[in-house]
Amino acid sequence: MIALSTTALALPGIALSDAPPSQSIASYKISNYSEDDIERSESPFGDLERYDIDVHQFKLISPIGRNFSFSLDANHETMSGASPWYTSSDVNGDPIVALSGASGIYDERSEVSFSTSYYLDQGTVSGTAGYSEENDYRAIYYALGGSRNFNNELTTLSFGYSYSSDEIFPTDAKRFNRVKHERKNSKSGVVSVSQIISQNSTYQVSLNISEQSGFLSDPYKLKDVRPSDKTQIAVTNSYRHFFEDSNSALHINYRYYHDDFGISSHVVDSSWHQNFGRSLRVVPSIRYYTQSAANFFTNIDDFAKPESQYQSSDYRLSAFGALSGGIDFVFNYGRWSTIFSAERYVANDRFAGHTVNKASTALVRFNRFSIGFEYIF
Amino acid sequence: MVSDTQEGGILTRSFRAMGSDCEFQLCFGGGSDSQFIFKCLQDELERLESKYSRFRKDSLLSQINLGKEVNIDNETISLLEHAFNCFEQSEGLFDVTAGRLNSLWDFKKKKVPSQEEISYALSVTDFSKVSWNNGILSMPAGMNVDFGGIVKEYAADTLAVLAKKFGVQYGLINLGGDIAIVGNKPDGIAWKVGITDPRGTETEIASIDIYSGGLATSGDYKRYFIYEGKRYSHILNPKTGFPCAGLRAVSVAANLCTVAGSIATIAMLKDEPEAIKWLNDLGVPFVAMDSNLSMLRNSD
C-alpha cells in the first residue's frame, strides 16, 4: 500500500504541509519524586532521609494565524531532604556516606520558557528561550532548531543548537568555606533523521554533541574537584511499531553515551502502548541503564589529596546499573484527558554491565508518581 | 438540489456533483460559519469537476483529449504521477489512457462493440506512451485520458483536508460512495460505512468500520448490461478491451480515499482469486462480492 500512497500523498490537495496545531492545548501535571531513605549500614551517623521533590508543570500550546505556533512552559519545584555530603571509611575500611546537615536542604526552582515555531511547506523553524532560578542557581538558555521533510515526507532531517549560561552561588558559602559565585556554560548541537519505514513503523537516529565549561563540581560536597571542561556525545536510536490488529504500539529506544570524564553508558528502554478503544490507553514500560565510572571517581574521599587533583565521590559518577519500570494510564473523554503515572527506579552496582572497581554507597532508589490533565480547545 | 439537515451536532448537506449523490456530514466548532464552509467545500468540488470532467467540453481534460499539446499545472502532474504509479503497480491494468475504450462500450445502447472498434481503442490505450516534461503533456493522436477512479477520490481527500483547515472538528465527506474522514470523532466510535448491494437493490449488504483515512468502492453498480445472456460490466480490461470477469464489487479502506480508490479499481481489474490474494497481502480492510454473489472479507 505504501507504493500507492507515495504518489497519493504528494497530491497538492492532500499533501499536508507541516502545519501548526489546529487547536490549543493546555496541560497541567503534578509529580512527586521521592528517594528511598539511605540504609543505616551505608550511613552510620545522622539523618537517613534523602531528596523529596514536588513538581508542578504547566504547558500551553496555541496556534497563531496559519503558520505560527506558540508555547509556554512553566515549572515549579520544591525540594527537601538531604544529599550525600562526604564519604569516608568504617572500621573495616569499607566506604560509608554522610548526608548533608540534620536540618537538610530546602530549595525551590522556578522555570519559564517560551517557544515559537514557524511552519513551512516542508519543514519547521523554531526557537526557544528560557529562564530558571533557584536559591543558589540561575540559568538562562536559548535554543534554535529546524526540520526539513524529504522523500515525499517519508524522511525528516532535524537539527538544533542550544546554549545555556548558568550561575552558581551556594548558600552558607562562608560558613562551610564553599565557592561564592561560579559560572558554567553549555553548548549543544543535535542532528537527527526520522524515517517512515512503513505505514506502521518509524525509525529515528540522532547524534547529540555537547560541551560544558566552567565550574562543573558540586559545591555542596566537602571534597569535589572536577575538570572545568566536559565533552559529551550521545547517539540515540528509536523504533516505533504500530500493531493495527491489537490497536497497540511498541516503542524501543537505545542510547549510547560517552564523555571525557570517562563515563560511557548504555540505555535500553521499551514501552507498550495499548489502546482500549479511544478512551483508555495503558502504557507499561521498562528501562535498563548501565554506566562506567568517571576516571576520578572515588568512594572514599581523600582529604589529603591536593586541590589540583580531580576527585569526586558523587554516586552519579560511579559505575552502576539501574532498572526501572513504570506504568501510565491515559483516560480520554471529549476534550479532556487525564494521565496517571507511576515509576520505580533502583540503582545498584550489581546491575552494572560495566566493571565496578569502587562501588558507591549512595546509589539512589526512588518512586515517582504523577497526575496530569490536558484540555484541548 | 441542496438539502441541509442537523442531527446530534452534525450538519449534513446533500447535493449532486460529479455525477453522484454527495454528502458532507460535519461537526463544526463553536463560532464557525457552517454555510460559508459548506460553500467553500462545494466550490472546491466544482473547481475539480470543471477541470477534470471528461463530459465537460471546456475542462482541462477535454482540452487534453483533443490531442493538442497542453500546458499542465502541478496538480495535474501529480495526478498523472499517481495514475502512472497505479499503472505500474497493477502491471498495466489500471490505465487512465483507456478513455477510448470506456466510451466505446455504450451501456445505454447495450451493444457489444465490433472487434475492429475494440482493436482501434486498444491501439490508443497505453499510458507508457504519454509524456509530461516541463509541464507540457503530449500523447499519441486519438488517445483519451479518463481520470475515473482517481479524481473523485482525490476530491474527497482534498475536501477532508480543506474542512480540517477550516476548523471543522470531525466529519465525513461522501462523494458517491468515495469517502474521506475528517478529524477524529470525540467519542472514539468508528464511522460505520454501509456497502450497497451492487445488484442495485439499494440495500446494505455489509459495512466497514473506519476511524480515519478513507474508503472507496468499485463495482459494476447499475452500469452493466446483459447481451445474449452474458453480463458485461463497465470495468474494462485495457489489455483485452473486454469487461473484466472478476469481482462484482469491492470496498476498500485505506489511509486516503485516493489510495482506497486505486486499490479497489485494481482489485476489480484482476482475476477473482488473484484480486482476493492481492487484497489480503496488502492487509487493507475490504469487503468484496464475488461472481457467485458471495461476500468476502479480509482474512483475519
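1. Let's start with the open sheet of chain B. In this predicted model, nine strands line up in the order β1-β2-β3-β7-β8-β11-β14-β15-β16, and their pairing is antiparallel. As a reminder, strands of a sheet pair through backbone hydrogen bonds.

2. Now zoom in on one pair within chain B. Strand β3 (residues 20-27) and strand β7 (residues 170-175) run antiparallel and are joined by six bridges.

3. Next, look at two helices that lie across strands of chain B. Helix α1 (residues 34-52) lies across β1, β2 (10-17), β3 and β7, and runs at about 25° to β2(B). Helix α8 (residues 272-282) lies across β14 (249-254), β15 (286-289) and β16, at about 175° to β15(B).

4. Here is a residue worth a look: B:N85, in helix α3 (residues 74-89) of chain B. Is B:N85 buried or exposed? It counts as buried because its relative accessibility is 9%, under the 20% cut-off. Leaving aside residues up to four places away in sequence, B:N85 touches A:A3, A:L4, A:T6 and A:T7.

5. Finally, step back to chain B as a whole. It has eight helices and 16 strands, and 55% of its 300 residues count as buried. Of the contacts between residues at least 6 apart in sequence, 58% join residues at least 24 apart. The accessible surface of chain B is about 13600 Å², with 49% belonging to carbon and sulfur atoms.

How values were computed:
Residues numbered from 1 in each chain as written. Chains lettered and ligands numbered in written order. Predicted model: local features only at pLDDT ≥ 70, side-chain atom pairs only at ≥ 80, totals over all residues. Heavy atoms only, no water. Helix = DSSP H or I, 4+ residues; strand = E, 2+ residues; numbered from the N terminus. Buried < 20%, exposed > 50% of the residue type's maximum accessible area, 1.4 Å probe, protein only. Contact = heavy atoms within 4.5 Å. Areas by Shrake-Rupley, 256 points an atom, 1.4 Å probe, with all protein chains shown as cover. Pairing = 2+ DSSP bridges. Axes fitted to C-alpha atoms, helices over the stretch in contact; angles between N-to-C directions.
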